[in-house]
Amino acid sequence: MGFTTDNVPARRIAQVAGVGGIAVGVIALISLYSTKPINPLIAVASFVPMLLAVTLAASLICLVFRRWILLAISVVLIAVGASVISPLYVANSSEIDGPSLRVMQANLLFGQADPVSLTATVREKAVDVLTVQELTTSLEGSLRDQGLEQLLPHHYLVPDEAGGGGAGIYSRYPLMETRELNGFGPTNLVAEVGFSTPFTLLAVHPGPAYVTPPDVWTAELSTLRNALDAAAAEGTVVVSGDFNTTFTHKQFRDLLDVGYSDTADQLGVGIVRTYPADKKFPAIVGIDHVLLRGAQAKSLERTEIEGSDHYGLIVDVAIPQ
């Protein structure tokens, strides 16, 4: 006999905690696997790891107070969620023998990012290809004044002064067969990069979740999946952008199912949280990604973009010869 067996009020509290943890875990798993265009589910899916942490905490309380049935249910829920998320923390790629280049992804917050800092980052980090979203005409001019186009002389830019729809690709290597993807609110771009072995680059930016109507958000990700599937026929593909979706959205994992891998997954570094970057608390969700098909990530770094609400990503990518 003891505190955990005789303390009836505490055991009742443990019962409530266990039931609550299970409820949170069930909601987390529903959102983890749902593709329904329902805003609450889309929102919840962004926070699945945090919700499962609540279930884990509740399961420990059940363990202490011997609520075995509640504990067993909680463990099953956690295991199902972990089966999706935990592989991100285990490197799963093979070596590719080929030259590498450095790709940087940057959301520019409606053109408010600091052009001096961004250009300095490109210079100091020796970036070879830069993809940007929310590029405005005024920021394009400021970046030119700072010398970005001297560092990366080849570019395909579609700025938008009216809002966050602009986009651009800056490259050290020639850009060929440039075009825009149809079916999106923000601008999404495609180009062939004239590297030692040419490859297809997509600079993507589906509409933001919660702000974009859920049926439109879902449709844009389906359109992006089709675009990635079509690009796969071209050989090596790099997809860099603000996807406005996390790994715990089924819609994002569906993108990978057409032959792509997330660089964070390849390297086993887990969820790289990139948003928001302009708050007093740490970034919560990872919505910026670099995906690869037929290529290999050698390293991944999260970097600050002054003036933006996103962190940037810098990835060294090996391209097969």
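## Salt bridges in a predicted model

K250 and D254 form a salt bridge, with their closest N and O atoms 2.6 Å apart. A salt bridge here means a side-chain nitrogen of Lys or Arg within 4 Å of a carboxyl oxygen of Asp or Glu. This is a predicted model, where local features need pLDDT of at least 70 and side-chain atom pairs count only at pLDDT 80 or more, while totals for chains, interfaces and linings use all residues. Residues are numbered from 1 along each chain as its sequence is written, and side-chain values use heavy atoms, leaving out hydrogens and water.

Let us stay with that pair for a moment. Both K250 and D254 sit in helix α10 (residues 250–256), 4 residues apart, or about one turn of the helix. Helices (H or I, at least four residues) are DSSP runs numbered from the N terminus. K250 is partly exposed at 23% relative accessible area, whereas D254 is buried at 18%. Buried means under 20% relative accessible area, exposed over 50%, and partly exposed in between (1.4 Å probe, protein chains only).

Salt bridges that share partners link E140, R144 and E149 into one network. Within helix α7 (residues 137–145), E140 and R144 are 4 residues apart, about one turn of the helix. R144 is partly exposed, with a relative accessible area of 40%. E140 is buried at 14%, and E149 is buried at 17%.

Here are the pairs described in this report:

| Pair | N to O distance |
|---|---|
| K250 and D254 | 2.6 Å |
| E140 and R144 | 3.1 Å |
| E149 and R144 | 3.5 Å |

The structure holds 7 salt bridges, including these.

Note on methods
Helices (H or I, at least four residues) and strands (E, at least two) are DSSP runs, numbered from the N terminus.
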